[in-house]
Amino acid sequence: QVQLVESGGGLVQVGSSLRLSCAASGRTFSSYAMAWFRQVPGKEREFVAAISWSGGSTFYADSVKGLFTISRDNAENTVYLQMNSLKPEDTAVYYCAARAGGASRYPEYTYWGQGTQVTVSL
């Protein structure tokens, strides 16, 4: 079993930066593809970014390309999402996800964290 715990969310101003962390507990963490999704009330969960087990491949939603960066530190069993130039539209609960297969833009992940709230004020 893999447990994922997100942290780093909070309330920030438009244009600010924030870094989310996802701490994973699992023997084979380094072999898992990881991803970030986000969700707001009344909307479906939305893909944000994904990273392969090696960190060699990354994928981003069009809306965050050039603004967000996903990375991982396998030695620390942690995945990060660096969010720059935040906009009100980025307000959501951000979820960390993991799967043993390849990175995916779709919510076909086996494990999910509890989410961390990001609020971007005007």
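Author: Within the chain, residues 24 or more positions apart account for 58% of the contacts with a separation of 6 or more, where contact means heavy atoms within 4.5 Å. This is a predicted model, in which local features need pLDDT of at least 70 and side-chain atom pairs count only at pLDDT 80 or more, while totals for chains, interfaces and linings use all residues. Residues are numbered from 1 along each chain as its sequence is written, and side-chain values use heavy atoms, with hydrogens and water left out.

The chain holds zero helices and 11 strands; from the N terminus on, its elements run β-β-β-β-β-β-β-β-β-β-β. Its radius of gyration is 13 Å, close to the 14 Å of the globule rule for 122 residues, so the chain is as compact as a globular protein of that length. Helices (H or I, at least four residues) and strands (E, at least two) are DSSP runs numbered from the N terminus; the radius is taken over C-alpha atoms, and the globule rule is 2.2 Å times the number of residues to the power 0.38. Along the principal axes, the C-alpha atoms fill a box of roughly 40 × 25 × 25 Å. Of the 122 residues, 41% count as buried, meaning under 20% relative accessible area, with exposed over 50% and partly exposed in between (1.4 Å probe, protein chains only).

The part to examine is Arg-99, which is found in strand β9 (residues 92-99). Arg-99 counts as buried because its relative accessibility is 19%. Its side chain makes a polar contact of 3.0 Å with the side chain of Glu-108. Such a contact is a pair of N or O atoms within 3.5 Å; within protein, one must be able to donate a hydrogen and the other to accept it, and residues adjacent in sequence count only if both atoms are side-chain atoms. Neighbours within four places in sequence aside, Glu-108 is one of the residues that Arg-99 contacts, together with Tyr-32, Ala-33, Ser-104, Tyr-109 and Thr-110.

Ser-7 counts as partly exposed, because its relative accessibility is 37%. Not counting residues up to four places away in sequence, Ser-7 touches Arg-19, Leu-20, Ser-21 and Thr-116. The C-alpha atoms of Ser-7 and Ala-23 are separated by 8.1 Å, with the two residues 16 apart along the chain.
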